[in-house]
Amino acid sequence: MKLQAPEHPAPADAAARKAIAPVICYPVEGLPQPDLAAYRAARDGWTRTAEILVPPREARSFDVPAGHFFRITSVEGPQVGDLNLWNAHDLGERFFSGKTRALHGTHLSTGDRMWSCLPHMRPIATITDDTLDWYAFDAFGGSVHDVIGTRCDPYTHALLSEGGQYHHCCHSNLTRALSARTGLPPHQAEVHVHDVLNVFMCTGFTRDTGQYFMKASPVRPGDHLEFFAEIDLLGALSACPGGDCSAEHSSDTAACHPLLVEVFAPKEPPAGWVPPGANAYDRTHGI
Ligand SMILES: [Zn+2]
């Protein structure tokens, strides 16, 4: 957080230095672009193959084969969800929030990809529909589906609050869900839990101090975020104890609701779709 009263005087050319226009770090025009029309056409006649209701303040895992879709839907009331994705055959390949943010911006929507961590770095899911895309950015700089937060966790909670042993933070919920799915003991499952896509959560950074903020999610029952699985995915979704995140999380005070996950199998894969191969970097690191 920047000091409200800086300790060092501005140089004579401060205004000129600050007036330099920004340059986009990673122009995404060079990325392989998803053929959204082909993805969406593949939804015609698809079959729903799984339905998982994630209870409030809990998480559940789900499997999505490559070439299938999954959809996260708000049911009953406003609720945000914390999403983790892994390669179903290798927990070492998992969603890379930081680089996804660097490529696509602070908040994701239709057409954006979810990228996997180094040394894999390939698209593992593509967003194919977002009923909250109308929200764009509000006057506070807030938007939905961020990749700037991490996930609420009991360690930060213990640091910031007195007497906090809270076990239903998204970090612990995801740990329990992954442990149940894989059979890994909780301490081993925990290290595979990673920074999330904050589904339906409305967040941003304050203009004056740059602090992470949240506000009541605009999500309403019936809203959904839909994904296409580029590889065989193992997913886990936590219905955050913050509910719609209008007030606080890491407690049992917020009104919480379930979230619905549905998996759909298309009749045929999208026309022209090719599963992503390994990253082209040779991994010799100059040695
Ligand atoms: Zn949470």
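This is a predicted model: local features need pLDDT of at least 70, side-chain atom pairs count only at pLDDT 80 or more; totals for chains, interfaces and linings use all residues.
Leu178 is found in helix H5, which covers residues 170–182. Outside the four places on either side of it in sequence, Leu178 is in contact with Ser61, Leu184, Ala189, His192, Val193 and Ala236. Ile72 is 106 residues from Leu178 in sequence, and the C-alpha atoms of Leu178 and Ile72 are 18 Å apart in space.

The length of H5 agrees with expectation: at 1.5 Å a residue its 13 residues should span 18 Å, and the C-alpha atoms at its ends are 18 Å apart. The buried residues of the helix are Cys170, His171, Ser172, Asn173, Leu174, Thr175, Arg176, Ala177 and Leu178. After H5 comes Gly183, with a positive phi near 85°.

E4 pairs with strand E5 (residues 90–94) in the antiparallel sense, over two bridges. Within this pair, Trp86 has Arg94 of E5 as its bridge partner. The two strands form a hairpin, with two residues between E4 and E5.

Strand E7 (123–130) is mostly covered, with seven of its eight residues buried. E7 pairs with E6 in the antiparallel sense over three bridges, and its pairing with strand E11 (residues 224–229) is also antiparallel, over five bridges. Thr126 takes part in both pairings: Thr126 in E7 is the bridge partner of Arg113, and Thr126 stands opposite Phe228 in E11.

Several backbone exceptions were found in loops. Most peptide bonds are trans, and most residues other than glycine have a negative phi. The peptide bond from Leu118 to Pro119 is cis, with omega near 5°. Pro119 lies in the loop that runs between strand E6 (113–115) and strand E7 (123–130), two strands that pair in the antiparallel sense.

Glu76 is not a glycine, yet has a positive phi of about 75°. Glu76 is placed in the loop between strand E3 (69–74) and strand E4 (81–87). Because 13 C-beta neighbours lie inside 10 Å, Glu76 counts as partly exposed. Ala136 likewise has a positive phi, near 50°, in a residue other than glycine. The loop that holds Ala136 lies between E7 and strand E8 (143–146). Ala136 has 10 other C-beta atoms within 10 Å and is therefore exposed, the cut-off being 12 or fewer.

Key:
Residues are numbered from 1 along each chain as its sequence is written. Helices (H or I, at least four residues) and strands (E, at least two) are DSSP runs, numbered from the N terminus. A residue is buried if 20 or more other C-beta atoms lie within 10 Å of its own, exposed if 12 or fewer, and partly exposed in between; C-beta atoms are placed from the backbone. Two strands pair if DSSP finds at least two bridges between them. Two residues are in contact if their C-beta atoms, placed from the backbone, lie within 7 Å. The expected span of a helix is 1.5 Å times one less than its number of residues.
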